[in-house]
Amino acid sequence: MTTTATVAREIAAAVTDPEMPMLTLEDLGVLRDVRADDGAGEQGVVVTITPTYSGCPAMATMRDDLVHRLTDAGFTARVEVSLTPAWSSDWITERGRQALRDHGLSAPGPAPRTGGPVPLTLTPTRRAIDCPRCGSGRVELTSEFGATACKALYRCTACLEPFEHVKEI
Amino acid sequence: MTPTPDPSHEAGSAYDGLLEHHEVAGDDSQWAFGTDFEDPLAGVDTTVPDDVDAAALATYCLMLGDDALVMSHRLSEWTSNAPDLEEDIALANTALDLLGQARLLLARAAAADASVVPALPAGSPVPAEDALAFFREAGAFRNVRLAEVPNGDFAHTMVRLLLFSTARLAVLGRLVDSRDPVLAAIAAKGVKELTYHRDYAGRWFLTLARGTDESHRRLLAALDELWPLYPELLATHPVEAAVAAAGVGVDPASVAAEVDVVLEQVLAVSGVERPDKAALAGVRGRTGRDGLHTESLTRLLAEMQVVARAHPTGLW
């Protein structure tokens with residue numbers, strides 16, 4: 001049986017991230033739940049999303065885009081925020097990782113384990129990553145911070161192209 | 001004469017994207033910032049646990065939120081002024097993370113006890129988190145003084161960020177077990193962010209200490225200047241003691257040893273002696289957590305709040 005929530009979920013799952021439009025909200029792992037909203041009539045749905053970073057400025061745009069797409073499809077949609085469990089780059093789907101690579105971005109490796117005292121790291125972060133353009137492993141970190149909170153800047157010393165790496169968190 | 005571009009045509013105007021949802025009657029949210037405010041806690045259950053004093057919880061949230069807000073503002077003052085583009089971006093990223101934490105914490109304070117929110121003219125659309133950020137006087141801010149003192153050089157910012165993020169990471173690391181599920185969730189996100197804030201500041205501390213004579217001299221000067229503000233980060237305020245006893249907050253004194261070990265590690269690797277400087281005294285024992293600030297906070301707030309205060313019923 002196709003329920004309201006199932007149809008709404010398909011629509012919500014296809015909405016893309018405003019800052020990395022090659023990724024859907026589902027592939028990015030920020031779409032947590034779509035369920036019927038009993039108080040809002042037969043076509044009422046509640047969509048739950050979670051922020052990637054505390055200050056993620058894309059949350060309002062994501063909410064608006066979700067409401068638009070669902071409204072266009074005849075739903076009465078409301079968007080809620082869920083803070084827990086905290087988003088992890090591990091939630092980016094395999095399809096999402098492929099989409100990142102296809103668009104010249106380097107996908108994150110496994111996120112560090114959390115819990116307990118956090119060790120201090122005074123040496124540059126080492127990641128075994130390949131240039132998404134030429135595939136060479138000869139890459140160097142330019143900066144741990146990039147144009148959005150989720151990305152670090154790298155440079156390939158083989159093909160000399162700069163590229164962005166989605167950070168492990 | 002060129003005909004008006006047809007928005008429905010493939011080769012239409014650059015503004016087509018804006019009109020994509022024009023069929024949604026009365027919906028203006030495709031415009032930047034919309035006509036609607038984003039509640040960072042929309043849909044989050046903000047019920048205060050039964051046996052917890054809501055006023056104390058709200059004040060505690062203001063302490064953690066004001067630390068983040070004021071520190072974020074100081075970091076954001078580097079935007080377009082940092083030594084190079086990469087550091088400019090790094091500092092802006094850090095400021096944005098802290099601003100996000102501040103929004104969540106101020107919204108949580110307001111949801112716990114609405115009486116902490118300043119009154120605004122009837123019909124003002126300003127949400128509680130903005131009323132708290134933009135319409136309180138300096139004396140109502142509960143941040144530590146370390147966060148508010150004016151920026152100096154780059155070494156000063158790195159020393160301040162190291163002290164600040166080391167203490168905050170330790171506190172939030174314990175706060176993930178708070179009985180208040182909202183605070184616990186905010187802390188869990190914050191821990192991930194503060195981990196790389198602290199690493200970033202620690203690496204620069206080491207680099208500057210082991211760099212040139214000039215960078216070494218500047219680092220020591222910054223450390224000497226800021227060290228008197230370090231003890232305040234780890235001192236226990238009665239509100240912190242109360243919320244810690246209730247299992248919703250963390251007494252910073254309980255993480256003092258852990259914080260000191262991390263700082264000692266950075267100092268040792270960097271070959272820098274711990275400064276022999278006494279704590280900056282409060283006024284009759286009152287410090288930043290009591291709303292007793294240096295004059296620099298008033299100037300910071302004057303700049304940060306001026307536009308919002310000029311338009312208390314403004315819609316952004």
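Student: Where is the kink in helix 7 of chain B centred?

Tutor: This is a predicted model. In it, helix 7 of chain B bends by about 30° at a kink centred on V191(B).

Student: What span does helix 7 of chain B reach from its first C-alpha to its last?

Tutor: Helix 7 of chain B, residues 181-209, reaches 41 Å, close to the 42 Å expected at 1.5 Å a residue for its 29 residues.

Student: How many residues of helix 7 of chain B are buried?

Tutor: An α-helix has 3.6 residues a turn, so residues three or four places apart point the same way. In helix 7 of chain B, 25 of the 29 residues are buried, and the helix is mostly covered.

Student: How many aromatic pairs are there over all chains?

Tutor: A pair of aromatic rings is described by the distance of the centres and the angle of the planes. Over all chains the count is eight aromatic pairs. One of them joins W78(B) and F154(B): the centres are 6.1 Å apart and the planes lie at 85°, so this pair is edge-to-face. W78(B) is in the loop between helix 2 (54-76) and helix 3 (85-112) of chain B, and F154(B) is in helix 6 (residues 154-175) of chain B, so the pair ties together parts 76 residues apart in sequence.

Student: Are W78(B) and F154(B) buried or exposed?

Tutor: W78(B) has 9% relative accessibility and counts as buried. F154(B), at 11%, also counts as buried.

Student: Which residues do ring pairs link into a cluster?

Tutor: The cluster consists of Y53(A), W87(A), F145(A), Y196(B) and Y200(B). K167(A) lies over the face of F145(A), 4.5 Å from the ring centre.

Notes. Residues numbered from 1 in each chain as written. Chains lettered and ligands numbered in written order. Predicted model: local features only at pLDDT ≥ 70, side-chain atom pairs only at ≥ 80, totals over all residues. Heavy atoms only, no water. Helix = DSSP H or I, 4+ residues; strand = E, 2+ residues; numbered from the N terminus. Expected span 1.5 Å × (residues − 1). Bend = angle between axes of the 7 residues up to and from the residue. Buried < 20%, exposed > 50% of the residue type's maximum accessible area, 1.4 Å probe, protein only. Phe/Tyr/Trp six-rings, centres within 6.5 Å; stacked < 30°, edge-to-face > 60°. Lys NZ or Arg CZ within 6 Å of the ring centre and 35° of its normal.
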